[in-house]
There are 2 protein chains.
Amino acid sequence: MRPTVIDIAREAGVSLATVDRVLNARPGVRDKTIRAVNEAIDRLGYVRDLTAANLARSRSYRMAVMLPDTESQFIQTLAAELTRAGSLAAASRVEVSVHRFPAEDPHALAAMLSALPEAEVSGVALMAPETPVLRDAIRGLRARGLPVVALVSDLPNTERDHFIGIDNRAAGRTAGVLMGRYLGRDPAQVLVLGESLLARDTIERRRGFDEVMLRDFPQVEALQTLETHGSATTLRQVVTEMLVNAPAVRGIYSLGGGYRALTQTLDELGLSGKLVVIGHELTPHARAALESGALTAVIMQNIGHLARSTLRVLRAKADRAVIDAGQEQIRIEIVLRENLPLSA
Amino acid sequence: MRPTVIDIAREAGVSLATVDRVLNARPGVRDKTIRAVNEAIDRLGYVRDLTAANLARSRSYRMAVMLPDTESQFIQTLAAELTRAGSLAAASRVEVSVHRFPAEDPHALAAMLSALPEAEVSGVALMAPETPVLRDAIRGLRARGLPVVALVSDLPNTERDHFIGIDNRAAGRTAGVLMGRYLGRDPAQVLVLGESLLARDTIERRRGFDEVMLRDFPQVEALQTLETHGSATTLRQVVTEMLVNAPAVRGIYSLGGGYRALTQTLDELGLSGKLVVIGHELTPHARAALESGALTAVIMQNIGHLARSTLRVLRAKADRAVIDAGQEQIRIEIVLRENLPLSA
DNA sequence: GCAAAAATGATGCACGTACATCAGAACGGT
DNA sequence: ACCGTTCTGATGTACGTGCATCATTTTTGC
């Protein structure tokens, strides 16, 4: 049988109340006694039963997740996965509420954060660009004792407890090295597409991509980022124009999504499968394009993992428990047709 | 507040005992009453609190894992990760015992399996080649009500409940496509190294590799697998001999580990960084070789994930709970220097 | 050596469910 | 309407820990 607190008390020659005080770091215990209890714990190999502990605490966790109201495939999937992870975690007393804020309005987000019902929320995850207002809002949350984690895009200069996501610069480097090696030794040009030049993740990826290109593949010229503003028409227009006028273009690097418009355009130009095309995020269209050969590789982060990790980390932070770094690290995954995951 | 069984009883107009009978599918409840209770459950959105349930059941799980006694880096890491995952899971009443069996003796494994203390074990995971004896042993375990999962290498023709690992053929294809594209359009030869030609995973990888090579890269010739028997001396000998005599060799595909001897040999020949070298499993030596450029890419499965997944799946099976397929799928990961994970 | 302060003990309820027992109610068949 | 069977209710204990209260002991400061 597993030892319980009662066994510890007997072994250490103290009362149950004292063991409890030691276990929960409550005041009013002499150092000597603390040591005696800890030694008993070690001797018996006691491991606190979390299920019982949580039950007794009758603690439940409500995690608030703030996402921009952008309607990109990525955000939508993330929201869905968070909700799904939340419904599975309901059995462990974790509830998730996903909130959306106007993407371009940091003040609105800050207002939402300070309006969170203090007593009912035990953790906050947010995906937002770093602004002074947000920094203050996060400091306010932390002051109220709430753990805060940055999601997808880091907030390095704030007091966030943790970052859950990938290093986008490294992701860009990864895309770069694949592009460079796939293109080979001959001189070539690469088209770079981005929805918006302002998004931090896009900038970071581009920076990583260029870094590798300049260092390892001087024969490849990465052209200036073409902005599509998320519009299929714009994308088709700029891509067509570039490809018709620049025959040296042998690769396309898409910093974001927009696979449908891109593959369609390539198809129309009769170039499907003839260029090295690398993008980010494995959307359903990206899957199809990988399978057909229109898309060469996708750099992705596992969104389901992202969602589960968020809940686990927030919970661990709320409990002041340790985090399994290995489990929570989000990998920069390279997806080819050959290693396509079976499901989303 | 979350509804509890008491709320359900009140809502359905029945007693707590009846709700309990319905929840746990115990006999002695009329269909009509069952329906009434289930409707109340739906109306209130009741979710059974697993922590309380398990506590009350005072249920604990002992999972037995059977691994071959091979001393490869991979197996050792797997064993370590399983133990680690087990110590973390101890807080949730899960215990893990890792057993080793003589790699070449299926009868010994079968004997160990049938000797498992029936009442004290609630799940079995095993990594072993499929043999008739093993098939029978697994059938025996299942008959005793124990869930059985295959680990790393599948046992498709047995009654195992689940397989946790990657499709090695797809992993071989992934290595193949990287090799082919990295080598470019010029004719080239590829050296293929394997520790043993008998291991099922090795065979599958080789098959996947050849499949892609023949289909997509006819200009590349994959040479016959050179057997190293896990010996550094043999490896050095065969690799040196081949590389000196065959100047057309521009790539090396290592079906298993043995990175240290390989990079050392390449170094001696002054070929470090000049060939496309692709291998499997991210050992500490592989990390170093990736960082130095001696190794081009590694195809891996996340061993920590493997271990955690094993425990989660066994537990879910023991509880007859549903499995989150997305979370349990082990990915075929491509690791380059650019997307090296921070830790193991 | 005494009072005040600090440390410890004893105890009991709470958390949400599992499970067992026994009494009593509703049911179906004759 | 009677009986036996099948359902249902009422109740209590248990699981391992959290947490609070109050009594008691030990330590500390002077």
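Mentor: Rings of Phe, Tyr and Trp pair if their centres lie within 6.5 Å. The model here is predicted.

Trainee: How many aromatic pairs are there over all chains?

Mentor: The cut-off to apply is 6.5 Å between ring centres. Over all chains of this predicted model, the count of aromatic pairs by that rule is three.

Trainee: Which kind of aromatic pair do A:Tyr182 and B:Tyr182 form?

Mentor: The ring centres of A:Tyr182 and B:Tyr182 are 6.1 Å apart, and the planes stand at 80 degrees. Planes over 60 degrees apart count as edge-to-face. The pair of A:Tyr182 and B:Tyr182 is therefore edge-to-face.

Trainee: Where do A:Tyr182 and B:Tyr182 lie?

Mentor: The pair crosses between chains. Each of the two residues, A:Tyr182 and B:Tyr182, is buried. A:Tyr182 lies in helix 8 of chain A, and B:Tyr182 in helix 8 of chain B.

Trainee: Why is the pair of A:Phe209 and A:Tyr253 classed as it is?

Mentor: The ring centres of A:Phe209 and A:Tyr253 are 4.2 Å apart, with planes at 20 degrees. Planes under 30 degrees apart count as stacked. The angle of 20 degrees therefore makes this pair stacked.

Trainee: How many residues apart in sequence are the parts that A:Phe209 and A:Tyr253 tie together?

Mentor: A:Phe209 belongs to helix 9 (residues 200-216) of chain A, and A:Tyr253 to strand 8 (residues 249-254) of chain A. Both residues, A:Phe209 and A:Tyr253, are buried. The pair ties together parts whose separation in sequence is 44 residues.

Trainee: What area do chain A and chain B bury between them?

Mentor: In this interface, 46 residues of chain A are in contact with 47 residues of chain B. Carbon and sulfur atoms carry 49% of the buried area. The area buried between chain A and chain B is about 4,000 Å².

Trainee: Which residues of chain A lose the most area to chain B?

Mentor: Three residues together account for 17% of what the chain A side buries. They are A:Arg181, A:Arg331 and A:Glu338.

Trainee: How many salt bridges are there between chain A and chain B?

Mentor: One salt bridge joins A:Arg84 and B:Asp324, whose closest N and O atoms are 3.0 Å apart. That distance lies within the cut-off of 4 Å. The count between chain A and chain B is 11.

Trainee: Which helix of chain A gives the most to the side that touches chain B?

Mentor: Several elements of chain A each supply at least two residues to that side, among them helix 5 (73-89) and strand 11 (333-335). The element that gives the most, with seven residues, is helix 8.

Technical notes: Residues are numbered from 1 along each chain as its sequence is written. Chains are lettered from A and ligands numbered from 1 in the order in which they are written. This is a predicted model: local features need pLDDT of at least 70, side-chain atom pairs count only at pLDDT 80 or more; totals for chains, interfaces and linings use all residues. Side-chain values use heavy atoms; hydrogens and water are left out. Rings of Phe, Tyr and Trp (its six-membered ring) pair if their centres lie within 6.5 Å; planes under 30 degrees apart count as stacked, over 60 as edge-to-face and the rest as tilted. Helices (H or I, at least four residues) and strands (E, at least two) are DSSP runs, numbered from the N terminus. Buried means under 20% relative accessible area, exposed over 50%, partly exposed in between (1.4 Å probe, protein chains only). Contact means heavy atoms within 4.5 Å. Buried area is the accessible area (1.4 Å probe) that two parts lose on being put together, summed over both. A salt bridge is a side-chain nitrogen of Lys or Arg within 4 Å of a carboxyl oxygen of Asp or Glu.
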